[in-house]
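Please look over the sequence and the structure before reading on.

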Amino acid sequence: MQPIQLVHASLGERELAAVAEVFASGWPAGQGPRGKALEAQLVDRYAVGDAVALCNAGAALHVSLLALGVEPGDEVIVADYGFPAPAHAVRYLDAVPVCADVRADTGTIDPRAVADLITPRTVGVIAVDTVGIPADYVELQAIADRHGLFLIEDAACAVGATYQGREAGALAEVGVLSFHGRKGASSGEGGALLAADPKIGADARLRASFGIGSIFDMGEVVGLPIPEFTRIGHNYKLSDIAAAILQVQLDRVGELRARRDAVAAQYAELLAGEELLTVPYVPEDRTHAWQTYMVTLDPTVDRAAVATELRAKGIGCGHGTFATHVQPVFESKHKCPVSAELFERHLAIPMHAELGASQVERVVEALRGAVRTHAVPTRTPGRTA
Ligand SMILES: *Cc1c(COP(=O)(O)O)cnc(C)c1O
């Protein structure tokens, strides 16, 4: 039987044709015509002050923090559950990531945990739209406003999701998108920064190109302008090759998300009665981008054994995402018990736009069998572990 992949990037003929056009144009590098067109498309789609095309979301987080003026020793509260790029970015600046625990039902940062962690050294918060579901931005913004903190939305996984009718990525003053091959819209590697304030966007764009403006633009000028380097920058530009792919992918966000939605609805229906696992919860006021579909296994189920069995049957699966505070490099005095538990009990099962109904049925059948086989009977009283 054909293996069923955990993830699959939906890249096809339209994307290839867009790449061929870039090859013919002679400008494959960054900040050229394609990059600019992509940025305009993002500004339009998200109705933000500025959008900066970048090489990945990690870089977008880094330049966001630089543009927002984070300094060594500052504390930045980060969502504990999710890919730990926010904590990495805070550490790039020798600032201190402070991990905030998450909601048990959605896995997104818990606004009450954020409020409890604020100290005189706190300068901002990075919320994560965990595997594609937006966090609680009304509550988070109120806390940020009350304490004069910045709020960044890490919407790396959430392209196509919504919160109270608004697009994920534009739910805070700064939003970060990822176009990595495992996300819902992709150019292999890629990212973007969305900013309400055009000054933040302009600053981030400059920092992402060695501190000088667009080389493409300089080539268009008549005469010989000699640019000057006025600050230390990075090279975080997105190539025009990737930008061309993303112009097509952004156009397809709705279509691809609708297909993942259908997969999620089928999983939810078929797994509804299964006592040994629960399917994801999506509050009424938001929609999920389904970057990953994670079921929560009952504590009696041996997750590793379930995963081994699924993989043996050719069905891709994984642990889902990460609890940041238990990673050796980030180990902190703040415990996040909810996040730690999700990290142990979540199981990611195949989710992408190319999955057909019969494949979903095959996954469900295998999963149902595996959780029943690998549920250890609850301990009898008096027995020691
Ligand atoms: C994937 C991911 C990132 C990193 O994205 P890259 O584009 O690979 O740098 C950052 N934050 C979260 C929450 C992610 O899931």
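What follows goes through the ligand, the pocket and the cavity in turn.

The model is predicted, and every value below was computed from it. The space taken by the ligand is the largest pocket, whose volume comes to about 560 Å³.

**Ligand surroundings**

- There are 13 residues around the ligand, and those that come nearest are Ala57, Gly58, Asp154, Ser178 and Lys183.
- Sorted by class, this shell consists of six nonpolar, five polar and two charged residues.
- On the backbone side, a polar backbone atom of Ala57 is 2.8 Å from an oxygen atom of the ligand, and a backbone N or O atom of Gly58 lies 2.9 Å from an oxygen atom of the ligand.
- On the side-chain side, an N or O atom of Asp154 is 2.7 Å from a nitrogen atom of the ligand.

**Largest pocket**

- The largest pocket, with its volume of about 560 Å³, is lined by 30 residues, of which Phe83, Cys157, His180, Lys183 and Gln291 are the closest to its centre.
- Helix H3, covering residues 57-67, and helix H4, covering residues 85-92, each supply at least two residues of this lining, and H4 gives the largest share, with four residues.
- By class, the lining of the largest pocket divides into twelve nonpolar, 13 polar and five charged residues.

**Largest cavity**

- The largest cavity holds about 150 Å³ of space, and its lining is made up of 17 residues.
- Nearest the centre of this cavity lie His8, Lys183, Gly184, Arg260 and His352.
- The cavity lining contains six nonpolar, eight polar and three charged residues.

**A residue named throughout**

- Lys183 is among the residues that come nearest to the ligand, is listed with those closest to the centre of the largest pocket, and is also named with those nearest the centre of the largest cavity.

Definitions and conventions
Residues numbered from 1 in each chain as written. Predicted model: local features only at pLDDT ≥ 70, side-chain atom pairs only at ≥ 80, totals over all residues. Heavy atoms only, no water. Near = heavy atom within 4 Å. Polar contact = N/O pair within 3.5 Å; in protein donor to acceptor, adjacent residues only side chain to side chain. 1 Å grid on protein atoms, 1.4 Å probe; cavity = no way out; pocket = protein on both sides within 12 Å on 5 of 7 lines; lining within 4 Å. Sits in = over half its atoms within 2 Å of the grid points. Nonpolar A, V, L, I, M, F, W, Y, C, P; charged D, E, K, R; others polar. Points joined across faces, edges and corners; volume = space filled by probe spheres on them.
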